[in-house]
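Please read this note with the sequence and the model open side by side.

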Amino acid sequence: RILKLNDLSSQTGGESSRFPISVDGRTFTPPGDRGWSTSQTGVTRLREQGRLHIVGNSLMWKSYRDEFPFRQINTSWDDAKLTGFGDERLYTVQTGARVIARCILMTTDPGDLVIDPTCGSGTTAYVAEQWGRRWITIDVSRVPLALARQRLLTATYPFYELKDAPRGPAGGFVYKRKQNSKGEEVGGIVPHITLKSIANDEPPDEEVLVDRPEVTKGITRVSGPFWFEATIPTPVDWDGDGIDDSGPPPESHGAFVDRMLEVLRKSPVLHLGGKHTVNLKNVRPPAKTLSLSAEAIVVNGDEKPVAFVFGPENGAVSERLVYEAAKEANLRNYSHLYVIGFAIEPKARDFVEKCGDAVGINATYVQATPDLMMADLLKTTRSSQIFSVCGLPDVAVHELSDGRYQAELKGLDTFDPIEMNADHKKGDDVPAWFLDDDYNGLSFHVSQAFFPRTAAWDNLRKALKGQYEESVWEHLAGSKSAPFEAGDQKRIAVKVIDDRGNELMVERELQ
């Protein structure tokens with residue numbers, strides 16, 4: 001048996017602890033002003049169990065490793081490295097799940113709240129969900145948030161036995177003492193055999209290993225409910241014209257436009273997806289403008305002048321902004337209007353598509369990466385990710401014979417401003433799409449989620465071991481929603497995540 005030899009003497013204790021001990025014909029007394037760590041009765045028990053051992057002129061006692069094969073964790077976590085074979089790497093700068101789990105288990109109890117302001121692939125949320133903690137996770141980019149959302153929605157976890165089931169995890173988990181066939185402690189409660197317990201012949205203290213709650217077999221647990229939000233500043237009537245405008249006051253907007261112009265000059269390419277691009281030159285501010293932010297020359301084929309309008313720095317592009325810019329661009333004979341924003345209101349998105357018929361000039365919405373808000377992130381952002389032309393979801397709403405409705409994502413249409421035609425992608429060829437079956441115009445609430453182009457559902461299907469028909473998994477990876485009843489708003493919204501992580505949303509009224 002692997003053992004450790006421990007000094008039998010200590011600095012504590014009075015005269016009663018300074019008595020001679022005879023072992024193998026030799027007599028020992030505590031050195032200096034030290035005393036023995038146990039009583040004469042305790043020494044007798046140690047001798048009877050063969051736990052006394054002589055090392056030189058010192059008397060030691062034997063502590064066997066298998067009696068308590070655990071140790072306190074220090075600052076060196078050699079077992080928590082990402083080796084490439086343990087955790088699946090979903091993100092460039094991903095922290096290992098074991099590291100996050102250890103931090104959470106050391107500092108929180110079940111039911112506590114954990115916050116991670118740098119979401120990445122969502123490891124903190126994933127681990128917090130596993131260990132019964134509530135969580136909030138934040139990121140500035142849509143790509144990691146979309147990745148984290150898929151990871152959570154397709155995750156499976158063990159089901160831990162609860163002390164107080166009505167309270168859920170906040171009531172704590174159940175821990176039990178168990179041994180395997182080899183007599184090894186494998187439960188969440190383990191005895192801590194010490195010199196005191198041996199010498200006094202008393203039951204050892206028990207330690208709770210918080211990463212070993214009782215698992216209820218035969219139950220596969222999935223993520224609990226969570227919601228996904230994007231913050232947009234409260235609209236303010238900066239102009240005093242009775243119309244609320246998003247974003248900062250006018251005096252700070254000029255600096256933002258100057259910064260966007262500089263970025264557009266350095267990266268004069270708009271990406272349409274695949275290898276198709278719109279190439280620009282002579283990017284500059286227009287003269288004597290009321291609504292436009294920039295102008296440039298498109299160099300694809302025939303050179304044509306085009307106009308740009310930038311949405312607010314901290315808000316969504318509004319329908320009014322697009323209308324005013326399109327009206328001026330048409331009057332000044334630009335060939336096309338590009339609307340660049342970090343987010344766009346659904347009505348504004350629809351107006352962009354109808355701009356040619358409504359105002360007389362075609363328009364295209366261009367998604368700007370949120371990395372533009374932070375210079376440090378922009379340095380590492382590829383040019384193909386800065387400005388990308390976004391498509392518009394093609395959504396149909398079907399009224400069923402029983403009075404319920406069904407939403408169908410028929411595809412994603414991306415307008416090519418060079419060829420003047422639309423590229424259509426089928427509804428089952430997008431990374432993810434979501435349905436809010438009672439959209440209130442303010443907050444998008446996911447009531448149904450679909451991941452058509454992913455194998456993530458396969459893992460969940462295997463974990464649930466055939467409890468659901470194959471049609472369920474086809475549905476979750478499909479382009480048609482489950483039937484639903486009309487809500488109070490009589491309106492739905494569909495949000496699509498494209499290949500570059502852009503969120504594209506449309507609304508539909510229910511008749």
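**Notes on the predicted model**

1. Of the 511 residues in the protein, 43% are buried (buried means under 20% relative accessible area, exposed over 50%, and partly exposed in between, with a 1.4 Å probe and protein chains only). The protein exposes about 28100 Å², and carbon and sulfur atoms supply 49% of that area (areas come from the Shrake-Rupley method with a 1.4 Å probe, and for residues only the protein chains shown count as cover).

2. Residues are numbered from 1 along each chain as its sequence is written, and side-chain values use heavy atoms, with hydrogens and water left out. This is a predicted model, in which local features need pLDDT of at least 70 and side-chain atom pairs count only at pLDDT 80 or more, while totals for chains, interfaces and linings use all residues.

3. The protein has twelve helices and 27 strands (helices, H or I with at least four residues, and strands, E with at least two, are DSSP runs numbered from the N terminus). Among contacts with a separation of 6 or more, 58% are between residues 24 or more positions apart (contact means heavy atoms within 4.5 Å).

4. Begin with the sheet that contains β1. It is an open sheet of three strands in the order β1-β7-β6, and the pairing is antiparallel (two strands pair if DSSP finds at least two bridges between them). β1 (3-7) and β6 (52-55) are the edge strands, each pairing on one side only. From one strand to the next the twist averages 45° (axes are lines fitted to C-alpha atoms, for helices over the stretch in contact, and angles run from 0 to 180 degrees between N-to-C directions). Five bridges join β1 to strand β7 (residues 58-64) in the antiparallel sense, and K4 stands opposite S63 in β7.

5. How many of the eight residues of helix α3 (residues 123-130) are buried? Seven are, so the helix is largely enclosed by the rest of the structure. The buried residues are T123, T124, A125, V127, A128, E129 and Q130. Just after α3, G132 takes a positive phi of about 70°.

6. Strand β16 (residues 294-298) is mostly covered, with four of its five residues buried. On one hand, β16 pairs with strand β15 (residues 276-284) in the antiparallel sense over three bridges, and L280 stands opposite V298 in β16. On the other hand, five bridges join β16 to β17, and these two strands run antiparallel. V298 also stands opposite K304 in β17. β16 and β17 form a hairpin with five residues between them, and G301 in the turn has a positive phi of about 70°.

7. Helix α7 (residues 319-331) has 13 residues and reaches 19 Å from its first C-alpha to its last, close to the 18 Å expected at 1.5 Å a residue (the expected span is 1.5 Å times one less than the number of residues). Its buried residues are V322, A325, A326, E328 and A329. Seen down the axis of α7, they fall within an arc of 165°, so they line one face of the helix (the arc is that of the directions from the helix axis to the C-beta atoms). An α-helix has 3.6 residues a turn, so residues three or four places apart point the same way. The cover over the buried residues of α7 includes β17 (304-310), β18 (337-341), α8 (346-353) and α9 (355-359). Just after α7, N333 takes a positive phi of about 65°.

8. An open sheet of four strands has the order β25-β24-β26-β27, again with antiparallel pairing. β25 (448-450) and β27 (503-509) stand at the edges with a single partner strand each, so one side of each is left without a neighbour in the sheet. Neighbouring strands here are turned by 15° against each other on average, direction ignored. Strand β26 (residues 491-497) pairs with β27 in the antiparallel sense over seven bridges, and V494 has V506 in β27 as its bridge partner.

9. Not counting residues up to four places away in sequence, V395 touches E408, L409, V494, V506 and R508. V395 and G427 are 32 residues apart in sequence and 9.0 Å apart in space, C-alpha to C-alpha.
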